[in-house]
Amino acid sequence: MKRKRKPGVAPRARPPARAPVPGREIAVGLMLLLAELEGHVGTGDAAKRLGAPRSSLNRILRILAQAQLVDLSVRGSISLGSATTALGARRDEMLRSEDERRLAPRRKQLNRAPGSSYALLRIADCAQVADTARFRRTPKFRLGFSNASIDNAWRTALVHSAEYAAVRYENLISSFSVRHARLDARRQTRDIEALLASGVDGLVLSAHESEALVEILGQAERRGVPTVVVDRGRAEILPHVSFVTCDDRMIGDITARWLAERLRGRGSLLLLPGLIEAEPARRRLEGAQAVFARYPGLRILDVCWTGWRHERGREIVAAKLAGRGEPIDGVWCDSGLQAVGSLRAYLAAGRSGALPPHTGGDLNLAYKLAIRHGVAQAAVDYPPAMGLRSVEVLIEVLRGRSVPRRVEVPTEIVVTRGDATRSVRPDLWSDEHVRWDLPDDLILASGLGPSYDPRSYRVHYKGNRYNRSAADRAARSPYAGG
Amino acid sequence: MPADETAGVAAVAKLLARVAETPGRTVAALAAELGLRRSTAFAVAAILDASGLLERDAGRRLHPGPITARLRLARYGFGAMADKAETLMPVLRDDTDASASLFVSDTERTFLVVRRRAVWDGGGESVSRRIEAPVGRSPAGFAARLSLVLRPKASEAEARSAAACMGQVAAALAKTLEGKAAPTVRRASRSSARDAVR
């Protein structure tokens with residue numbers, strides 16, 4: 001019988017009817033709930049959390065239990081079934097097989113555990129993990145690389161290494177665009193804007209001036225485009241997911257320790273760091289100066305920034321030699337890029353018999369000159385292989401896999417034979433590391449294999465034309481002559 | 001629950017169970033194999049992909065997604081550790097040049113849950129030195145520990161450095177266990193302990 005409403009009383013407002021949640025979404029929600037609650041949940045609790053009627057949930061549970069995705073053997077509780085555990089085990093198998101494919105076979109026999117840089121001990125960010133779930137998407141990916149500059153052989157090798165990644169992972173990458181900012185912060189901002197406008201899914205960035213890029217990278221992140229910083233960039237201010245690098249301070253520390261020990265803690269030093277605007281150069285110099293400060297017998301004659309240019313290194317040293325000031329007992333360089341200029345200045349001044357010890361490697365020519373002219377030399381190569389690694393990390397991010405906040409790319413300590421010191425033992429002697437058969441402008445730690453030759457490098461990936469590298473051809477062969 | 005909804009749930013169950021058996025199949029192939037309507041299979045696969053239970057590779061083949069790693073470790077009460085374990089085990093291996101493993105165990109059994117082998121490690125019976133570090137105990141009563149198998153003839157200094165690195169990773173993994181609630185129901189069932197190693 002229909003109840004009569006009292007006159008003058010407004011009908012009670014009914015709560016809005018909730019749209020029923022589809023069963024398949026409840027099933028998926030239940031699996032996620034089990035993941036969140038460490039594999040166990042009460043049936044009543046699950047129904048409440050999922051907003052599902054008990055009867056519907058029970059029917060769903062029976063179907064999932066039949067497939068052994070859940071275990072209902074304890075009354076009133078839902079646990080993980082064996083098929084769910086098997087899914088996790090399959091994932092681990094997949095990751096393990098991908099991981100083993102990535103591991104390159106060893107080319108050289110090293111004196112210590114290769115790559116065992118123990119960076120986890122020194123750098124806390126190596127053990128921090130970035131959550132990447134919000135960037136997850138289905139391959140293939142469109143990637144962009146905003147490169148600070150292409151003004152020396154090392155940077156050419158970095159680009160080659162990143163391009164190699166685009167080939168190696170061509171099944172996951174639909175296009176790879178590279179733009180060089182030529183040491184111009186505004187140009188780099190425009191490059192990133194253009195890459196974003198072209199619809200890239202993720203960015204690799206080697207930053208020229210970090211401060212100028214904070215806003216545009218923030219925008220990129222808000223648009224769901226992750227950034228992996230490689231080589232250059234102030235990780236503390238730049239919005240980024242991961243920083244792929246090599247411990248610059250350690251490079252400065254090891255090379256400075258070797259020089260100080262080689263000189264038995266006495267003498268005059270000329271310091272030739274790289275580019276003043278580049279954080280790696282500043283960090284290496286800091287590391288070196290901290291070491292030199294511990295030796296009161298060492299005197300620093302001058303600190304001259306070279307921009308990692310061999311011409312600049314040569315000019316500075318030539319001027320010092322011509323000035324006939326205090327003799328230089330050792331030359332600290334953070335890279336062989338400028339060290340070759342210094343060595344050539346000594347040779348041009350007719351000092352081939354008594355060249356002071358030098359530091360700085362990377363460049364094939366730096367090793368060739370040191371060995372040929374009997375110069376004691378120590379180097380820790382700054383590996384351009386970080387280009388390849390940064391693309392790998394970006395792919396991981398886009399696949400929704402967590403990545404370390406900082407990725408250290410392993411490197412090697414290289415010393416001319418017989419010139420090891422008390423605390424600096426080489427992984428390789430220079431004569432084992434040098435490539436006499438390859439060009440002077442070869443950068444040795446490129447990770448591109450023993451046959452890599454920057455002059456004949458050809459690469460084909462989606463986004464380039466005529467198999468040409470994006471590295472500026474004008475940047476090649478800058479070490480000829482002199 | 002309407003019949004088409006039951007079909008949707010069945011599709012979820014069948015797809016997940018089949019990917020657990022044979023990953024790397026396309027949705028179309030699985031639909032044909034499992035007798036699912038293509039439209040249902042594609043719709044369900046999209047939901048599973050978006051949730052992270054499955055993921056699709058460039059060839060649109062289905063594989064277990066990131067959530068499944070968490071589900072696997074959830075069995076032992078270490079689900080929250082899954083992401084970090086997946087990420088940091090290769091880092092530990094690369095940083096120490098040692099084979100890195102994560103074990104969980106209770107009083108009777110030990111399970112190997114993650115192993116990342118060093119380049120030199122051919123997988124045979126190793127005579128190399130093994131060092132271990134505890135990670136923590138889960139509310140479900142399992143203990144997790146890290147293990148490193150050092151390269152042959154590793155020096156004492158290498159072993160010390162590797163142990164210290166392992167300590168850093170163990171601390172990072174242990175952080176995920178902070179503030180964990182007591183177990184809600186019970187421990188992992190014995191019958192499903194298929195990955196027990198010793």
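Student: In strand 5 of chain B, which residue is the bridge partner of Phe103(B)?
Tutor: In this predicted model, Phe103(B) has Leu112(B) as its bridge partner in strand 5 of chain B.

Student: Switching to the interface, how many residues of chain A are in contact with chain B?
Tutor: There are 71 residues of chain A in contact with 70 residues of chain B. Among the elements of chain A that each supply at least two residues to the side touching chain B are helix 1 (23-36), helix 3 (54-66) and strand 15 (403-404), while helix 4 of chain A gives the most, with 14 residues.

Student: What is that side of chain A made of, by class?
Tutor: The side of chain A that touches chain B has 38 nonpolar residues, together with 20 polar and 13 charged ones.

Student: What about chain A overall, how many helices and strands?
Tutor: Chain A comes to 15 helices and 18 strands. Its radius of gyration is 29 Å, well over the 23 Å that the globule rule gives for 482 residues, so chain A is more spread out than a compact globule. Along its principal axes, the C-alpha trace of chain A spans about 115 × 50 × 45 Å.

Student: What percentage of chain A counts as buried?
Tutor: Of the 482 residues of chain A, 53% count as buried.

Technical notes:
Residues numbered from 1 in each chain as written. Chains lettered and ligands numbered in written order. Predicted model: local features only at pLDDT ≥ 70, side-chain atom pairs only at ≥ 80, totals over all residues. Contact = placed C-beta atoms within 7 Å. Helix = DSSP H or I, 4+ residues; strand = E, 2+ residues; numbered from the N terminus. Nonpolar A, V, L, I, M, F, W, Y, C, P; charged D, E, K, R; others polar. Rg over C-alpha atoms; globule rule 2.2 N^0.38 Å. Buried ≥ 20, exposed ≤ 12 C-beta atoms within 10 Å, placed from the backbone. Pairing = 2+ DSSP bridges.
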